Amino acid sequence: MVLDRQNQNKPHLFKKALTYASLLLIGTGVGTSASYFASRNLANMTAPPAQALPADSRTTFAAIPITEDPNFVARVVREVGPAVVRINASKTVTTQIPDAFNDPFFRRFFGSQIPDIPRERVERGTGSGFILDIDGNILTNAHVVEGADTVEVVLKDGRTFAGKVIGTDPVTDVAVVKIEAKDLPTVSLGNSERLQPGEWAIAIGNPLGLDNTVTTGIISATGRSSSQVGVRDKRVEFIQTDAAINPGNSGGPLLNARGEVIGMNTAIIGGAQGLGFAIPINAAQEIAGQLIATGKVEHPYLGIEMVSLTPEVKEQINRNPNAGFSINSDDEGVLIARVVANSPAAEAGLRAGDIIIRIDGQEVTDGEDVQKAVSKSKVGGNLELEVQRDRNSVTIAVRPGAYPTQR
């Protein structure tokens, strides 16, 4: 997995199946992160009868409603483009020089061979973002501005402003930057819950330093889990699109044919083509609201490492003499492989070898089910886990804690 960012300073089976419920984003440091128009209507098609049928018995199909504007992409760009910004972020990195390099005796003999290492250097990166409201709140990716000392926001009309990072959430890769300005263009937000594969997708951003670049495609899939995308430490179900996403697109909007923001472009898979991923706007908007209100976001956390019980995993565990437990062929659910010390799961009494069968009465079959259930809970709330332990069913109440973002 590669973050679609641009940085200007270039300076078996069991393990693979582990899914971290406790690691519930993309990158650290300063990052940089459809033309074909169906113009024909399927109008009043009738089932061809073998013989004449009464008019009222014929089967008819309603025409598929489509846009009547063959240049709808251009219209969307005209309307939304001014609210898409370039974000330039920079930070100072201090290099730790070995003490031996400063030793006079060492320098006396090797002085000419000691590299001249600067103690500090400035890293710069470029990403994208879009203006949410007239108050100057801008949505972007956390990895675009993470650790930045200075943030500069450049509008399409050429205006440049100093940006203030209101808050970042590495768990979802969402951040909010604020600028003080008047007469700001803003975007309209859509509903990412209603997306269907095959819908138009339009991406606007600043890939590879090429400002205000527009690419088009379709929604290829929805609900892609973080493990499917390859970023297991995120708690996001991604939108997949074949609209071209490149380094520097991070934080830019993914739009529908009406010009509404349906996602925030954030990641690509290295070496692949037509595989871009965006954070659904409903999720990003919720996180942004918390960041604007409090500057932080708390995510529920149990503290377990788990694995879905596939036949291959069962065989692998039973072959491992160091596993500490065995699995029966008819066991189903999600196996707890490890419990993090001092975590909510440890305090509640969960153990490695327990098999999670249900959470709050809902059956779970894989790690994604568990992660979803935990994500929907609240920090300090209660989750009732039904687990299988030594062939017996045990019910354990767990109180989720706040996800430790400094892990």
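## A buried glutamate and its partner

E305 is buried, at 10% relative accessible area (buried means under 20%, exposed over 50%, partly exposed in between, with a 1.4 Å probe and protein chains only). This is a predicted model, where local features need pLDDT of at least 70 and side-chain atom pairs count only at pLDDT 80 or more, while totals for chains, interfaces and linings use all residues. Residues are numbered from 1 along each chain as its sequence is written, and side-chain values use heavy atoms, leaving out hydrogens and water.

R338 sits in strand β21 (residues 334–339) and E305 in strand β20 (residues 304–308), so the pair ties together parts 33 residues apart in sequence. Strands here are DSSP runs of E with at least two residues, and helices are runs of H or I with at least four, numbered from the N terminus. R338 itself is partly exposed, at 37%.

## Another bridge between strands

R358 and E386 also form a salt bridge, with their closest N and O atoms 3.2 Å apart. Here β22 (residues 355–359) holds R358 and β24 (residues 383–389) holds E386, 28 residues apart. R358 is partly exposed at 29%, and E386 is partly exposed at 23%.

## One face of helix α2

Now to α2 (residues 72–80), where F72, V73, V76, V77 and V80 are buried. Viewed down the helix axis, these buried residues fall within an arc of 140°, so they line one face; the arc is taken from the directions from the axis to the C-beta atoms.

Notes:
Salt bridge = Lys/Arg side-chain N within 4 Å of Asp/Glu carboxyl O.
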